[in-house]
Amino acid sequence: MKMSPQDKKLDEMLRSSALVAGGFMGDDQRSVFEVIEADAATLRERGVNAAMLAQRMRELTETAKQGLGTWVDADGGAMRVMSEEYKGILVCPWGHTGHFDKRIIIAERPATGQTLSWTDLNVHLIEAHGFFEGKGSAFRVEPEQAVRILIE
Ligand SMILES: [Zn+2]
């Protein structure tokens, strides 16, 4: 895939540890745009889009924050969520102004033990950029898994 100099710069920055240790791309060899396109296709196959998923993650984040580090029931007990707060902030690699608290949300379906975790920055990257991060990155959200645990 041919990338403009500007696209190339973004791709390189996402692979660097400039904003987050290990970068946003993990060991994914695809370009950031190929990652975004493939993940969008995964969502489409399941009748979901990034905005729907981000909205659901945002609601669960708000629920989790109420627990102050302990589990909180959601969906009438079909799901439970917890928020872990860390010191520091994260910024959007696309250069959006503002920053995101370093907070990890864990969602679990007690019936199956399946879990999914994400940060506030993940929610922004998914909503604004359709970016779930590259394979092997510490905070990649696997779209197929996210749909299965949060939506289906
Ligand atoms: Zn952004």
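**View 1. D39 is a buried residue of helix α2.** With a relative accessible area of 3%, D39 is buried (buried means under 20% relative accessible area, exposed over 50%, and partly exposed in between, with a 1.4 Å probe and protein chains only). D39 belongs to helix α2, residues 32–45 (helices, H or I with at least four residues, and strands, E with at least two, are DSSP runs numbered from the N terminus). This is a predicted model, in which local features need pLDDT of at least 70 and side-chain atom pairs count only at pLDDT 80 or more, while totals for chains, interfaces and linings use all residues. Residues are numbered from 1 along each chain as its sequence is written, and side-chain values use heavy atoms, with hydrogens and water left out.

**View 2. The side chain of D39 meets that of R140.** The two side chains are joined by a polar contact of 2.9 Å (a pair of N or O atoms within 3.5 Å; within protein, one must be able to donate a hydrogen and the other to accept it, and residues adjacent in sequence count only if both atoms are side-chain atoms). Leaving aside residues up to four places away in sequence, D39 touches F132, E133, R140 and P143 (contact means heavy atoms within 4.5 Å).

**View 3. Helix α2 has a buried face.** The buried residues of α2 are V32, V35, I36, D39, T42 and L43. Seen down the helix axis, they fall within an arc of 125°, so they line one face of α2 (the arc is that of the directions from the helix axis to the C-beta atoms). These buried residues pack against α1 (5–15), α3 (50–65), α4 (120–129) and α5 (143–150). The exposed residues R44 and E45 are on the face turned away from the buried side. Just after α2, G47 has a positive phi of about 70°.

**View 4. W94 and F131 form an aromatic pair.** The count of aromatic pairs comes to one (rings of Phe, Tyr and Trp, the last by its six-membered ring, pair if their centres lie within 6.5 Å; planes under 30 degrees apart count as stacked, over 60 as edge-to-face and the rest as tilted). The pair of W94 and F131 is edge-to-face, with 5.4 Å centre to centre and 65° between the planes. W94 is in the loop between β2 (79–90) and β3 (100–109), and F131 is in the loop between α4 and α5, 37 residues apart. W94 is partly exposed, at 28% relative accessible area, whereas F131 is buried, at 0%.
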